[in-house]
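Look at the model first, then read on.

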Amino acid sequence: SHGALGRFTDGDEMDEAFNHPLVRRALHVLRHSRAHRVHALELIASGRRTEVTRRFLLALTSGYGGMAPLEMKAHDPVGYVGDMLAFAFRAFRVEEVLVRTLFLWKDEKEGGSDDEEEDEE
């Protein structure tokens, strides 16, 4: 059993999956069904929360992304907290890009002509 995240055990694969044009198109189409769209977004948010928590715990204890474990600086409170805040800042940036990717699909399409959008629907 893979749990709520399915086969995406590595967060980078999940990041790439959310950037896939079909996922973005599906969320765009779901705008017509508020209940389904809200449910899909709640599932995405839950999966992302789990993934960011997992990455943070890895960064604290084992290191993440080629960095040494943050706990190695536990003896230096300023450095320790600084590293945790830096990790959080990077995580927020990743989530910001994901949110923009998922929600700005329609805005990107508005740049084209109305005929293009009608052809796709």
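The structure holds one aromatic pair (rings of Phe, Tyr and Trp, the last by its six-membered ring, with centres within 6.5 Å). This is a predicted model, where local features need pLDDT of at least 70, side-chain atom pairs count only at pLDDT 80 or more, and totals for chains, interfaces and linings use all residues. Residues are numbered from 1 along each chain as its sequence is written, and side-chain values use heavy atoms, without hydrogens and water.

The partners are Phe56 and Phe87. Their ring centres lie 5.5 Å apart and their planes stand at 55 degrees, so the pair is tilted (under 30 degrees is stacked, over 60 edge-to-face, the rest tilted). Phe56 sits in helix 3 and Phe87 in helix 4, so the pair ties together parts 31 residues apart in sequence. Helices are DSSP runs (H or I, at least four residues), numbered from the N terminus.

| Residue | Relative accessibility | Class |
|---|---|---|
| Phe56 | 27% | partly exposed |
| Phe87 | 10% | buried |

Now the helices. The axes of helix 3 and helix 4, lines fitted to C-alpha atoms over the stretch in contact, come within 11 Å and cross at roughly 155 degrees. That makes helix 3 roughly antiparallel to helix 4 (over 145 degrees, on a scale from 0 to 180 between N-to-C directions). Residues in contact (heavy atoms within 4.5 Å) include Leu41 and Phe56 in helix 3, and Met84 and Phe87 in helix 4.

Definitions and conventions: Helix = DSSP H or I, 4+ residues; strand = E, 2+ residues; numbered from the N terminus. Buried < 20%, exposed > 50% of the residue type's maximum accessible area, 1.4 Å probe, protein only. Parallel < 35°, antiparallel > 145°, perpendicular 65-115°, else oblique.
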